[in-house]
Amino acid sequence: MIIQDDEYFMKQALREAQDAYYEGEVPIGTVVVINNKIIARGHNQVERLNDPTAHAEILAITSACSYLGAKYLPDATLYVTIEPCHMCAGALYWSKLQRVVFGARDVKQGYAFFYGNKNPFHPKTEVTGEVLAAECAKLIKDFFKERR
């Protein structure tokens, strides 16, 4: 079995973000990985579902839990293209993920804006930030540039 790295899985999350972009959604994508296998994918669907909670992370967590038949994800890593927001940080806390890996920082809506240096995730959750940050940030910037 080939072991993939954080950049590989972040590229998969970027594909999800690109799907959101094409659908007119804020382009944020995510994948959930266990044992080097993607078990869930998600991208923002706030506009499609008329639901402010339909963020990529929430949808991917729901899908992963459904796939596993479990309410916690202690062996999973969630890759997301943008630093999770306050709401998603709470959902990630309760899912008890092993790791959270994000791409670009979100200085206006990211969890660090609300929590500062405090970790909003479960105490056992490892956090890795700024994986392929430039690529992730470019997609968001391009999206909003087109709409202004």
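Let me begin with a term: buried means under 20% relative accessible area, exposed means over 50%, and partly exposed is in between, with a 1.4 Å probe and protein chains only. By that cut-off Glu16, at 9% relative accessibility, is buried. I'll come back to Glu16.

Now the ground rules. This is a predicted model: local features need pLDDT of at least 70, side-chain atom pairs count only at pLDDT 80 or more, and totals for chains, interfaces and linings use all residues. Residues are numbered from 1 along each chain as its sequence is written, and side-chain values use heavy atoms, with hydrogens and water left out.

The fold, then. We have six helices and five strands. Helices are DSSP runs of H or I with at least four residues, strands are runs of E with at least two, and both are numbered from the N terminus. The order along the sequence is α-β-β-α-α-β-α-β-α-β-α. The chain's radius of gyration is 14 Å, close to the 15 Å from the globule rule for 148 residues, so the chain is as compact as a globular protein of that length. That radius is taken over C-alpha atoms, and the rule is 2.2 Å times the number of residues to the power 0.38. Along the principal axes, the C-alpha atoms fill a box of roughly 40 × 35 × 30 Å.

Packing next. Of the 148 residues, 46% count as buried. Take the contacts with a separation of 6 or more: 60% of them are between residues 24 or more positions apart. A contact here means heavy atoms within 4.5 Å.

On to salt bridges. How many does a search of the whole structure find? Seven. The criterion is a side-chain nitrogen of Lys or Arg within 4 Å of a carboxyl oxygen of Asp or Glu.

Back to Glu16. Its side chain meets that of Arg41 in a salt bridge, 3.8 Å from N to O. Arg41 sits in strand β2 (residues 37-43) and Glu16 in helix α1 (residues 6-22), so the pair links distant parts of the chain, 25 residues apart. Arg41 is partly exposed at 39%, whereas Glu16 is buried.

Arg48 is exposed, at 51%. Glu23 is partly exposed, at 37%.

Glu130 lies in the loop between β5 (126-128) and α6 (133-147), and Arg105 in the loop between β4 (99-104) and α5 (111-115), so parts 25 residues apart in sequence are tied together. Both are partly exposed: Glu130 at 48%, Arg105 at 42%. Which residues form one network through shared partners? Glu83, Arg105 and Glu130.

Last topic, backbone angles. Asn50 is not a glycine, yet its phi is positive, about 50°. Asn50 is in the loop between α2 and α3 (56-68). Is Asn50 buried or exposed? Exposed, with a relative accessible area of 70%.

Lys96 also has a positive phi, near 55°. Lys96 is in the loop between α4 (86-95) and β4. At 29% relative accessibility, Lys96 is partly exposed.
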